[in-house]
Amino acid sequence: MAELNMNEVDVYPMFEDCDENQPKQIQKQCFEGEIAAFYAGILSQQQFVVEDDINDTVYVYFLIDKTGIISLQKIEKSALIAQALPQLDSLLQKKTDSIPTIFPAQKQGIKVASKFVLPIIVNSEYK
């Protein structure tokens with residue numbers, strides 16, 4: 001009997017623009033690209049004012065449940081980012097709730113929950 005890897009899905013979560021008939025690596029790239037573009041679009045619309053140079057990474061942990069609902073689980077950031085961008089957590093939480101429909105991951109044809117981490121690079125210069 002072949003071993004079943006429960007840490008890997010057969011079909012990645014997908015947005016409407018992604019094609020489930022593509023190879024798994026292409027599905028993954030499509031999902032990651034769509035979610036990254038969503039957050040990049042949101043953050044690019046904001047006017048953040050900082051008092052120090054920042055070159056750091058924020059890690060956003062989220063869960064997509066077996067019905068396709070996404071929820072932000074945790075935001076990991078440095079003390080500098082927490083102090084410089086105190087509104088970042090609430091902005092990410094609010095906007096996560098407005099992500100378009102996601103089709104959940106699948107394992108052996110069954111819809112399953114999946115967890116992901118999105119790194120967001122914060123790079124700004126104080127002038």
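**A disulfide and a nonpolar core**

With a relative accessibility of 10%, Cys18 counts as buried, where buried means under 20% relative accessible area, exposed over 50%, and partly exposed in between (1.4 Å probe, protein chains only). Its partner is Cys30: a disulfide joins the two, S to S 2.0 Å, the term being used for a pair of cysteine sulfur atoms within 2.5 Å. Cys30 is partly exposed, at 22%. A search of the whole structure turns up 1 disulfide. The torsion about the S-S bond of Cys18 and Cys30 is about -90 degrees, so the disulfide is left-handed. Cys18 sits in the segment before helix 1 and Cys30 in helix 1, so the pair ties together parts 12 residues apart in sequence.

The model is predicted: local features need pLDDT of at least 70 and side-chain atom pairs count only at pLDDT 80 or more, while totals for chains, interfaces and linings use all residues. Residues are numbered from 1 along each chain as its sequence is written, and side-chain values use heavy atoms, with hydrogens and water left out.

Now for the core. A nonpolar core here is a set of buried Ala, Val, Leu, Ile, Met, Phe, Trp, Tyr and Cys residues joined through side-chain atoms within 4.5 Å. The largest one has 33 residues, and those with the most contacts inside it are Ile35, Val58, Val60, Phe62, Leu92 and Ile99. Helix 1 (24–44), strand 1 (54–64), strand 2 (70–76), helix 3 (88–96) and strand 5 (114–124) each supply at least two of its residues; helices (H or I, at least four residues) and strands (E, at least two) are DSSP runs numbered from the N terminus. Helix 1 gives the most, with 6 residues. Leaving aside residues up to four places away in sequence, Ile35 touches Phe15, Phe62, Ile70, Ile99 and Leu118, contact meaning heavy atoms within 4.5 Å.
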